Amino acid sequence: MKKITELTFNNTYRQLPDEFYHIVNPKPFENPFLICINPEMVAEIELEILGFNEIELAQYLSGKKLIPGCDPIALYYTGHQFGIYNPHIGDGRAILLGEVVNSGGDKWDLHLKGAGTTNYSRGFDGRAVLRSTIREYLCSEAMHHLGIPTTRALSIVGSDEKVERETTETGAMLIRMAKSHVRFGSFEGFYFRGLEENIKILTDYVIENNYPDFINKDGKYKLLANETAKRTGTLIAKWQAFGFTHGVMNTDNMSIIGDTIDYGPYGFMETFKNDYAPNHSDHFGRYSYKNQPSIAFWNLNKHFQALSCLLTNEDIQEALGEFREAYAENYLSLMTGKFGFKSFVDGDKKFIDDTLELLEEYEIDFPIFFRELSNVTLDADVNTSLVNKTGTDWLDRYKARLRSENSDDLKRKESMNLVNPKYILRTYIAEQAIHEAVENGNYSEIENVRKLLMRPFDEQPENEKYANEPPKWAKGIALSCSS
Ligand code: AMP
Ligand code: MG
């Protein structure tokens, strides 16, 4: 365990050529204070916080004091936003403080969001608001504990600085941790500017840091492309199976290591709706739940186009095939698990689709439906939200499918409860934590929810209320992409 002033850094991104970043220091808040710090990520970097002065800690975690060993930079990237290429993005309000290395050799980016303007800020203020940092903090932790690859959150530091969005809010900073902040968009700017040498440098960098198995292999770029495609396909399958809808799947929000990155107007599916699009500025539903797999495919296409100086057309087609396969295989196997089937057989795809159609038609809560489904027993009558509405036709079909593989009620229930979460980050749960923090300066609910979501599959009788459908006031909350 080390004090924050004693951490070890290896700032590899800073060794890349100048065009890859812009050197900039965080613009600190006047009176930063600690809102939360995540013990799991503290442990990950072996940070000793006990006995460390809290105000000083907040200063380090918000860039007012620079952690020794940090060498802050804002990262250059571009990307396709809502289908249109934007050559001017880059990290306009987030700064890579440095890459911390723990005693096991794991390297983590410490990435400070809301740290003030950078060269890429395009006239914006470079700040993040408390509301959006809480949403990111809670969701990335929730995702991790559902088993979905994601960036994570170390801390939130608050301030009394006013930040103008649709209304006046207060500023906060979040430290995001990830094994890489390279995005599809990190390559695109070099591609459109014809800087092939930089594409090669960045690709080699990614291989060296995140895909070391490929370093000495023949065809390493093709291997990387295949693996990126596979990871992306697997990631999106998980999003679909848990009902996670990202909201802004621009190419700059696609991680090269297959993490979920950049939590903005995301949402978890509650009442099932294929067209669910949590971002209220997404008027055409480009990034709706049902579109996520095809958008990921589209994004990969753009990514491989950017790598076309290193890949042949055949390589690209092969990698795209890897995506399709990884997505389909993982999606079907996850969905099969959600229904408690031992393995996927012919006809299951149709059964899955039909069931989702019924959920949509009868406006049924997605997580509750699957959690309740484990209560079905082959010989007794049972009520689930769906049976209540559709009568027993669907249930008979389900039971017949279970009987065909001699399903055991008890074993099935056990296995289903390991994959169908009882607790997800419903929008109203995040909103309540935000309300308490923003209106009342009470941050305890953030910690309550973080702890709740550390064990999403466990029964937690003391937390039963969080498993409920949203209260009336929260149905259909529209999420702004301002953050
Ligand atoms: P995002 O929508 O979070 O993916 O952000 C897209 C781009 O806009 C990134 O470069 C962000 O850093 C930048 N950005 C978003 N909000 C701000 C802000 N308040 N100030 C400066 N840049 C911002
Ligand atoms: Mg982004």
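A residue is near a molecule if one of its heavy atoms lies within 4 Å of it. The exercises below use a predicted model.

**Exercise 1.** Find how many residues surround ligand 1, and name the closest.

*Solution.* Start with the count: 16 residues surround ligand 1. Then list the closest: Gly 90, Gly 92, Arg 122, Asp 125 and Gly 126.

**Exercise 2.** Which atoms of Gly 92, Asp 125 and Asn 253 make polar contacts with ligand 1?

*Solution.* Take Gly 92. A polar backbone atom of this residue is 2.7 Å from an oxygen atom of ligand 1. Next, Asp 125. Here a polar side-chain atom sits 2.9 Å from a nitrogen atom of the ligand. Last, Asn 253. Its polar side-chain atom lies 3.3 Å from an oxygen atom of ligand 1. As for cover, ligand 1 has 480 Å² of accessible area on its own, and the protein covers 83% of that.

**Exercise 3.** Name the protein donors of the magnesium ion (ligand 2). Decide whether Asn 253 and Asp 262 are buried or exposed.

*Solution.* The donors are Asn 253, through OD1, and Asp 262, through OD. They lie 1.9 to 2.2 Å from the ion. Now apply the cut-off: buried means under 20% relative accessible area. Asn 253 has 8%, so it is buried. Asp 262 has 19%, so it is buried too.

**Exercise 4.** Describe how strand β7 (residues 94-101) pairs with β1 and β8.

*Solution.* First, β1 (residues 8-9): it pairs antiparallel with β7 over two bridges. Phe 9 has Val 100 as its bridge partner. Second, β8 (residues 107-113): seven bridges join it to β7, again antiparallel. Ile 95 stands opposite Leu 112 there. Third, the turn: five residues separate β7 and β8 in a hairpin.

Notes: Residues are numbered from 1 along each chain as its sequence is written. Chains are lettered from A and ligands numbered from 1 in the order in which they are written. This is a predicted model: local features need pLDDT of at least 70, side-chain atom pairs count only at pLDDT 80 or more; totals for chains, interfaces and linings use all residues. Side-chain values use heavy atoms; hydrogens and water are left out. Donors are N, O and S atoms within 2.8 Å of the metal (3.2 Å for Na, K and Ca); water is not among the atoms, so sites may look incomplete. Buried means under 20% relative accessible area, exposed over 50%, partly exposed in between (1.4 Å probe, protein chains only). Helices (H or I, at least four residues) and strands (E, at least two) are DSSP runs, numbered from the N terminus. Two strands pair if DSSP finds at least two bridges between them. A polar contact is a pair of N or O atoms within 3.5 Å; within protein, one must be able to donate a hydrogen and the other to accept it, and residues adjacent in sequence count only if both atoms are side-chain atoms. Accessible areas come from the Shrake-Rupley method with a 1.4 Å probe; for residues, only the protein chains shown count as cover.
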